[in-house]
Amino acid sequence: MGRKEMIAMLLAGGEGKRLGVLTKDLAKPAVYFGGKYRIIDFTLSNCAHSGIDTVGVLTQYQPLELNRYLGIGTPWGLDRKDGGMAILPPYVKQKGGVWYKGTANAIYQNMAFIERYNPSYVLIISGDHIYKMNYELMLQHHKRRGADLTIAGIEVDWKEASRFGVMHVDDEDRITAFEEKPKNPTSNIASMGVYIFSWPALQNYLSLDEANRTSNHDFGKDIIPAMMKDGLHISAYSFKGYWKDVGTIESLWEANMDLLADEPSLDLSDKNWRIYSVSPNRPAQYAAPGAELTSSMVTEGCFIEGTVERSVLFYGVESEIGSQISESVVMPNVKIGKGARVYRSIIGEGAVIEDGATVGDPDGEDITVVAIGERVGRNPVLLEVEQP
């Protein structure tokens, strides 16, 4: 194997409990987003645009559909012999094997994969965030600062800060304090879960952490605090673009709605930074006479006879005469019956909303979720609702 300056390790084994029925049988990175993508497409496309040609994808929870989707990495230019994409699930070793016990342990269990390429730097990223970022620019910052670890950070709303690891940063971009998901945050500079480690430092601290029986084996809770305590150089890389952790029903819905703004913060039409995905190879969308489409994204293979307003429709959606879809995310191959109403909802793949049924409340603030393959009649009984 040829030596690589930097390789990426993509954490894609998250269970995604807060996405409820959408991730009951599906890994969170494989959840649909934006009309024709999966969430993981964004970090993989970032790697492609950043010149990273070696990516280890660490899977664990419900990996079947995710593995099928990733294949050999062709859409992202990772179908190559020297490097490319490697799927890295937990496996039984000579001395036994265990499930990944945390983010740090997941990387520790795959140190042999990293060593094959003898990199100077290791990029650790997550498969469940929506953003466009040039990791090469972050690497240049890491080198200039002479850092052992660089953490990408972004300012978030104070009311959201407790969901993230937050950090204090001095005038030279050095991180002076780091707290993982504090109840009462004293900073609103949040870690994006994007790390660049100098490989010798990462190797050392992964080994120390694995030997610590009291550790959570987590980067935010254990590795970063240990490095801070020992006085290593930890730098912050300030990110000013769009970034969304779509870990809840509300944030997933909001991120899709963000795409429908007159000037969206996340431009999916940027020819210089395309988001690559696996094409569904469907025919062009069709809007029948009398159909009305307003401020919406409607993907190929859709057949529209009703009204669609401020919504995102994935491929293969059918909406029949008299139906109305408003402020909703409708995933692939959903059937919306005659006269049906869908408001402020996320409709899972393959669901059927029967004739005359109503899903969601046009005057409420909750987001209603219909499970993958669910059939909803005129009097729906069990629908998941996300509180804002």
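In strand E6, Tyr121, Leu123 and Ile125 point one way while Val122, Ile124 and Ser126 point the other way, and all of them are buried, where buried means under 20% relative accessible area, exposed over 50% and partly exposed in between, with a 1.4 Å probe and protein chains only. Strands here (E, at least two residues) are DSSP runs, numbered from the N terminus. Because six of the six residues of E6 (residues 121-126) are buried, this strand is largely enclosed by the rest of the structure.

The model is a predicted one, in which local features need pLDDT of at least 70 and side-chain atom pairs count only at pLDDT 80 or more, whereas totals for chains, interfaces and linings use all residues. Residues are numbered from 1 along each chain as its sequence is written, and side-chain values use heavy atoms, with hydrogens and water left out.

**Neighbours of E6**

Two strands pair if DSSP finds at least two bridges between them. Strand E1 (residues 6-11) runs parallel to E6 and is joined to it by six bridges, with Leu10 standing opposite Ile125 of E6. Strand E11 (residues 189-198) pairs with E6 in the antiparallel sense over four bridges, and there Phe197 is the bridge partner of Val122.

**An open sheet**

Six strands, in the order E14-E17-E20-E23-E26-E29, form an open sheet with parallel pairing. Strand E14 (286-287) and strand E29 (375-376) stand at the edges with a single partner strand each, so one side of each is left without a neighbour in the sheet. E26 and E29 pair in the parallel sense over two bridges, and Val352, which is found in strand E26 (residues 352-353), has Arg375 as its bridge partner in E29. Val352 counts as buried, at 19% relative accessibility. Between Val352 and Tyr315 there are 37 residues in sequence and 15 Å in space, C-alpha to C-alpha.

**Aromatic rings**

A search of the whole structure finds 12 aromatic pairs, a pair being rings of Phe, Tyr and Trp (its six-membered ring) whose centres lie within 6.5 Å, with planes under 30 degrees apart counted as stacked, over 60 as edge-to-face and the rest as tilted. Two of these pairs are set out below.

| Pair | Centre to centre | Angle of planes | Kind |
|---|---|---|---|
| Tyr32 and Tyr315 | 6.4 Å | 75° | edge-to-face |
| Tyr37 and Phe42 | 5.8 Å | 65° | edge-to-face |

Tyr32 lies in strand E2 (residues 32-33) and Tyr315 in the loop between strand E19 (312-313) and strand E20 (318-319), 283 residues apart, and the pair therefore links distant parts of the chain. Both Tyr32 and Tyr315 are buried, and ring pairs link Tyr32, Phe314 and Tyr315 into a cluster. Tyr37 is buried with a relative accessible area of 8%, and Phe42 is buried with one of 0%.

Arg38 lies over the face of Tyr32, at 4.1 Å from the ring centre, and also over the face of Tyr69, at 4.8 Å from the ring centre; a charge sits over a ring if NZ of Lys or CZ of Arg is within 6 Å of the ring centre and within 35 degrees of the ring normal.

**The cavity lining**

Tyr32 is also one of the residues that line the largest cavity, together with Leu22, Leu26, Val31, Met331, Glu349 and Ile372. A cavity is a set of points on a 1 Å grid over the protein atoms alone where a 1.4 Å probe fits but cannot get out, and lining residues have an atom within 4 Å of a point.

Note on methods:
1 Å grid on protein atoms, 1.4 Å probe; cavity = no way out; pocket = protein on both sides within 12 Å on 5 of 7 lines; lining within 4 Å.
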